[in-house]
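Could you walk me through this protein in the viewer, stop by stop? I would like to know what to select next and what I will find there.

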Amino acid sequence: DIEALHPSFVFLDRMRPECAVGGYERDSGEVAYYQRINALLAPSMTVIDLGAGHGTQLIRPPDFMFRLLKLQGKVRKVIGLDVDPAVAEHPYLDERHVIDPAAAYPLPDASADMIVADWVLEHVADPDHLAREVGRVLKPGGWFCARTPNRFGYVALAVNLVPNALHKAILKRVSPERHGEDVFPTAYRLNTLGALRRRFDPLLWEHHSFTMNSTPRYHANNRLLFGLISLYQALMPAAFRTDLLVFLRKRG
C-alpha cells in the first residue's frame, strides 16, 4: 500500500491514531465535504467535476474513502472540466473537457444537477465569470458544492505572503506528498462567506456554506508544528477557521 508507506501518511497515523478505524481523521475536511455531497446525490443526476484533474485522490485501494470520493456510478453521468489536459487521464469520468478559464463551459444551459469543485476556488482569477457559468449550467434547484481554504485561515494567510513563483519550492518542504505539477497560481477572490454572497446573489441562490477547522496541514511532518497549528485552530474564532465549505442551491 503506497499510501500507507508514504512518510506523510505514517506521520498522520501517529498523530491521529483513529485513522486505523476506517482510514480517516476525526477532523477530516475531505469526509465532511464528501459526506454532504453524497447525501445530495440521486441516480438521475448529471454532475460536473470542475477542476477534476487527473483523479490522483482516487488512485487508492477500494476502501471507505475511495467509495466516498468516487461519484461515477452513483449518478447518471459525471463530466470533468479542467484547464489542465491531465483531465484526460482521470479514470472515473464519463465525459472530459479541457476548458479555457475565460470562456464558456462547453455545456448547454441548465444541463447539470450539481457542480463540485474541490480545491479550485482559490485559483479562480475571475469569480464573476465563474459565478455566471455555474448559474448558467445548473438547473433550477441544482447545487454548487466547493471546498476551498478560508481567506482568513492560516493556510490562505501564509500562502498570500509568498509569491506564486515560490509556491512549488516551499510546498516541496512543508507538504512533501504534493506533486509539483499539481501546484497552480492562487488568487483567493472567492474565499470568504461575504465574497460568495456578493458573487452569488441571495435572491437567486440559497446559501448554506460554513467554515471549519480540518486536520492541520503544511506541518512538514513535524510534531511540534502540528501541535502549534492545532492549538492555533482551537483558539481562533470562527472567522479564522481553515476551510470554507461551499453549498449553494440555485433557486427555482
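Here is a tour that starts with the whole chain and then moves through strands, helices, cores and salt bridges.

**Before you start**

This is a predicted model, in which local features need pLDDT of at least 70 and side-chain atom pairs count only at pLDDT 80 or more, while totals for chains, interfaces and linings use all residues. Residues are numbered from 1 along each chain as its sequence is written, and side-chain values use heavy atoms, with hydrogens and water left out.

**Stop 1: the whole protein**

Show everything as a cartoon. The protein has nine helices and eight strands; helices (H or I, at least four residues) and strands (E, at least two) are DSSP runs, numbered from the N terminus. Of its 252 residues, 45% count as buried. Buried means under 20% relative accessible area, exposed means over 50%, and partly exposed lies in between, using a 1.4 Å probe and protein chains only.

**Stop 2: strand β5**

Select residues 138–149, which form strand β5. Nine of its 12 residues are buried, so β5 is largely enclosed by the rest of the structure.

Which strands pair with β5? Strand β4 (residues 112–118) runs parallel to β5 and is joined to it by six bridges, while strand β8 (residues 243–250) runs antiparallel to β5, with seven bridges. Two strands pair if DSSP finds at least two bridges between them.

**Stop 3: helix α5**

A crossover is right-handed if, with the strands pointing away from the viewer, the path from the first strand over the helix to the second runs clockwise. You can turn the model to check this for yourself.

Eight of the 11 residues of α5 are buried, so this helix is largely enclosed by the rest of the structure. Among the buried ones are His 129, Leu 130, Glu 133 and Val 137. Their cover includes β1, β4, β5, α8, β6 (205–207) and β8.

**Stop 4: the cores**

Show the side chains of Leu 130, Phe 144 and Phe 200, the residues with the most contacts inside the largest nonpolar core, which has 27 residues. Strands β1 (46–50), β2 (77–82), β4, β5 and β8 and helix α5 each supply at least two residues of this core. Helix α5 gives the most, with four residues. A nonpolar core is a set of buried Ala, Val, Leu, Ile, Met, Phe, Trp, Tyr and Cys residues joined through side-chain atoms within 4.5 Å.

Centre on Leu 130. Not counting residues up to four places away in sequence, Leu 130 touches Leu 50, Tyr 105, Leu 121, Val 124, Phe 144, Leu 190 and Phe 200; contact means heavy atoms within 4.5 Å. Apart from this core lies another, of 26 residues, including Ala 32, Tyr 33, Ala 52 and Leu 68.

**Stop 5: strand β2 and its partners**

Next, select β2, where five of the six residues are buried, so this strand is largely enclosed by the rest of the structure. Strands β1 and β2 pair in the parallel sense over five bridges, and Asp 49 stands opposite Gly 80 in β2. The chain crosses from β1 through helix α4 (residues 64–69) to β2 in a right-handed β-α-β crossover. Strand β2 also pairs with β3 in the parallel sense, over four bridges; the partner of Asp 82 there is Val 98.

**Stop 6: salt bridges**

Finish with charged side chains. A salt bridge is a side-chain nitrogen of Lys or Arg within 4 Å of a carboxyl oxygen of Asp or Glu, and by this rule the count comes to 11.

- Asp 128 and Arg 199: the closest N and O atoms are 3.2 Å apart. This pair links helix α5 with helix α8 (residues 193–199), 71 residues apart.
- Glu 95 and Lys 77: the closest N and O atoms are 3.3 Å apart.
- Arg 16, Glu 18, Arg 26 and Asp 27: these residues are linked in a network of salt bridges. Arg 16 is buried, at 7% relative accessible area.
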